[in-house]
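Please keep the sequence and the coordinates in view while reading.

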Amino acid sequence: MNAPCTAWNLQSQNKAQRLARAAAVLPGRMQGKRVSSDDVVTLLEAVLECGDRVCLEGNNQKQADFLARALTRVNPAEVHDLHMVQSVLALSEHLDLFENGIASKLDFSFSGPQSARLARMVSAGQIQIGAIHTYLELFSRYFVDLTPRVSLICAQSADAQGNLYTGANTEDTPAIVEATAFKSGIVVAQVNELVDVLPRVDIPADWVNFVILAPKPNAIEPLFTRDPAQISEIQVLMAMMAIKGIYAEYGVQRLNHGIGFDTAAIELLLPTYAESLGLKGKICRHWALNPHPAMIPAIEAGWVESIHSFGSELGMENYVRARPDVFFTGADGSLRSNRAMSQAAGHYACDMFIGSTLQIDLNGHSSTATAGRIAGFGGAPNMGADARGRRHASPAWLKAGAQARQGRTGVHAMPRGQKLVVQMVETFREHMQSAFVETLDAWKLAEQAHMDIPPVMIYGDDVTHILTEEGIANLLLCRSDEEREQAIRGVAGFTPVGLGRDHRMVENLRDRGIVQRAEDLGVDKRYATRSLLAARNMRDLVRASGGLYDPPKRFRNW
Amino acid sequence: MEHLNFELDGLRQPRPFDAFVVGVVGSGNLEVMLEVSAKPQRCSVQITTSARGFAPIWEAVVNDFQRRHSLAGVTVSVNDMGATPAVVSLRLDQAVAGLMWPHRGSA
């Protein structure tokens, strides 16, 4: 046998070569770590090697958009077959890389805005997908087998040494830089401004190799802003049922809300309807949540003790800064968000996830996949899954676990809690499309895109409740596949799935509290009007914030 | 416009009341008017809707409504501008919630 290789620092040697190449192609043009935006393509061609794993920071909010554009301009004869490992495909440049022959393989989490084009390119063989992950899964793989060689990241400001301030939208940056910098990788940062003294240091300079002042501030999307004017009475009714039938019933203190008008309605009913039920202090004190503008009235009414955020939300900066007892903020006063930490918090430390979906099947599997679109998962599967590794108890977790285990034997007899995972949907979506289906579109998509398994957002065995305008189905209490199916049909309204119910069996489930209607919960439908919302439009939210909330222009509709 | 009429048997006759309307006719919304009718064991439901081709769903909505409320001696008039079944059911339930019932020895 040959002697084993004795060099143990090939990666750091390679990193030194890359840095030396950069210094050689930019003689006298670098100031410390600073590179001019005019030289960005030259820099990228010098530090990249064919086949590199590259993380291009792009998540669902902030985007390293200047570096994304620059990467599409490198010479594909010199730089090709890059393996992109990034959480979100949001910009057209993210896919242009594959069309231009610069990248060939992709591991990612979410592709909302590019999902249709991604599906077309995958079926045309232009992109090889490694896997579609959740955020936490992808970040985890950065530390195992998908460690980036080069990361192109985004920050608000840099100082002369290359320390970075990420501002309120720290998001994915710490996870990306940690994995890259401590495994001999290269970190290139685009920043919006160069300053003498940073408000605070989010990323230390010795983890960063190059800093480029971008010609324009990075793009950022106000993804979590919902105009209360668009919340419907049905959403108010569903929110009333959620609060009375689930939040109060289980005493949910720690939770995460998905994006959407359904959960925005709940947020806006806390200081009104929930307050009238005497629930203040008994529910909803601790959150893993972005700074949703719809939370302002509840925060102002003293409902909320803490909120840790995945990212920030445009316009909420001054409000957050003025409420440091609620939000996590730096010594400079601004929000410190962190997607990896907040995802872990949502998974392990929350008793409930509640969110909307597009399709639910008869087993309760729920999916946002539609044929012809590869949209990915984002964070919902980690929020909306029982944390099997959880060991600490809370009243909500114990009650859900007890319901699931009541009367069961063998391995299921061990006392254990369960996370509440609630899927909230109106039975018909727009254009009279049923939210309840016999077969999820995910099956068709799996076939089209040659996936190993259908892309299910939340598995039926993790879903504990399905809430529609017709009522709540408590799946924890179902004891057979048939009961489960009838419980789901029993809240599926006038959709074909709902019309296909066995009326006698659904009434039996109702007697046992497995299916509950508004009247069973003591929810008076006469009060299900928009006047129950603590804010009825954007202007009300601004007013509730004492003028601290500054909505983006497109939401300034008064 | 599509017009649909349903005549259903019912058992629960509310106390006499003046005709009243809940809801408004607007996009995705509807108004529901309740009036006393001359047929004490029947509930008449008269629907005018801007959305054509949904008669089977209207029938299901109306049957479900009557299964839950069993109204008698009442005419229900619906003017719909493309509301979802969810909104229709909510509006019908809100209308019935405005009725008063005679004291019943047994129910």
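Why is helix H3 (residues 65–72) of chain A largely enclosed by the rest of the structure? Seven of the eight residues of H3(A) are buried, so the helix is largely enclosed. The model is predicted: local features need pLDDT of at least 70, side-chain atom pairs count only at pLDDT 80 or more, and totals for chains, interfaces and linings use all residues. Residues are numbered from 1 along each chain as its sequence is written, and chains are lettered from A and ligands numbered from 1 in the order in which they are written. Helices (H or I, at least four residues) and strands (E, at least two) are DSSP runs, numbered from the N terminus. A residue is buried if 20 or more other C-beta atoms lie within 10 Å of its own, exposed if 12 or fewer, and partly exposed in between, with C-beta atoms placed from the backbone.

The buried residues of H3(A) are Asp65(A), Phe66(A), Leu67(A), Ala68(A), Ala70(A), Leu71(A) and Thr72(A). They pack against helices H2 (40–47) and H4 (92–99) and against strands S2 (53–56), S6 (150–158) and S8 (186–194) of chain A. Leu71(A) touches Leu44(A), Leu56(A), Leu97(A), Ile102(A) and Leu152(A), not counting residues up to four places away in sequence; a contact requires C-beta atoms, placed from the backbone, within 7 Å.

Leu71(A) also belongs to the largest nonpolar core, of 193 residues, where Leu71(A), Ala189(A), Met240(A), Ala242(A) and Leu269(A) touch the most other members. Such a core is a set of buried Ala, Val, Leu, Ile, Met, Phe, Trp, Tyr and Cys residues joined through C-beta atoms within 7 Å. Helix H8 (residues 233–250) of chain A supplies the largest share of this core, twelve residues.

S5(B) pairs with strand S3 (residues 30–36) of chain B in the antiparallel sense over seven bridges, where pairing requires at least two DSSP bridges. Val76(B) is the bridge partner of Leu34(B). Strand S4 (residues 42–49) of chain B runs parallel to S5(B), joined by seven bridges, and Thr75(B) is the bridge partner of Ser44(B).

Finally, the contact between the chains takes eleven residues from chain B and 13 residues from chain A. On the chain B side, helices H1 (55–69) and H2 (85–96) each give two or more residues, and H2(B) gives the most, with six.

Key
Contact = placed C-beta atoms within 7 Å.
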